[in-house]
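Student: Could we go through a fold together, one bit at a time? I'd like to see how each answer is reached.

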Amino acid sequence: MNQISPFSELPVLEGTFSTTSEDILSAGRDFGQIVLTHPVGVLKPRSIEDISRMVKYAIRNQLKIIPRGMSHSAFGQSQCDGGIVIDMSALDHILEKRYSH
């Protein structure tokens, strides 16, 4: 019997969506190694569109989703047990500046 992956209908992404145990474990730990959670996947976006598509996907599939930078929070606020973690660490520069006067 063929099993359908729970992520078989993921949106097209420029970045990657990972369910490897290494990425899950890394995203499930806080900086101080105090809180451990178990997300179901980790998005490593390459664009704002990746984030938008994954947020829409999470809403449609009733999944929790949370952005994660360097995980410097008390009590695991940058973690998402049973949901999707968006690894924001690669989005580390400004592509365009807009000023209005």
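Tutor: What follows is a run of questions and answers on this predicted model.

Student: How far does helix α2 reach from its first C-alpha to its last?

Tutor: Helix α2 takes in residues 48-60, which is 13 residues. At 1.5 Å a residue you'd expect 18 Å. The model comes close to that, with a reach of 19 Å.

Student: Within what arc do the buried residues of α2 fall, seen down the axis?

Tutor: Start with who's buried in α2: Asp50, Ile51, Met54, Tyr57 and Ala58. An α-helix has 3.6 residues a turn, so residues three or four places apart point the same way. Looking down the axis of α2, its buried residues line one face of the helix, because they fall within an arc of 125°.

Student: And which exposed residues sit on the face of α2 turned away from its buried side?

Tutor: The buried side belongs to Asp50, Ile51, Met54, Tyr57 and Ala58. Turned away from that side, the face of α2 carries Ile48, Lys56, Ile59 and Arg60.

Student: What covers the buried residues of α2?

Tutor: Strands turn up here, and some of them pair with each other. β1 and β2 pair over three bridges in the antiparallel sense, while β2 and β4 run parallel, also joined by three bridges. The cover over the buried residues of α2 includes β1 (16-18), β2 (41-44), β3 (65-68) and β4 (84-87).

Student: Which residue of β4 does leucine 43 stand opposite?

Tutor: Think of the parallel β2 and β4, with their three bridges. The residue of β4 opposite leucine 43 is isoleucine 86.

Conventions. Residues numbered from 1 in each chain as written. Predicted model: local features only at pLDDT ≥ 70, side-chain atom pairs only at ≥ 80, totals over all residues. Heavy atoms only, no water. Helix = DSSP H or I, 4+ residues; strand = E, 2+ residues; numbered from the N terminus. Expected span 1.5 Å × (residues − 1). Buried < 20%, exposed > 50% of the residue type's maximum accessible area, 1.4 Å probe, protein only. Arc of directions from axis to C-beta. Contact = heavy atoms within 4.5 Å. Pairing = 2+ DSSP bridges.
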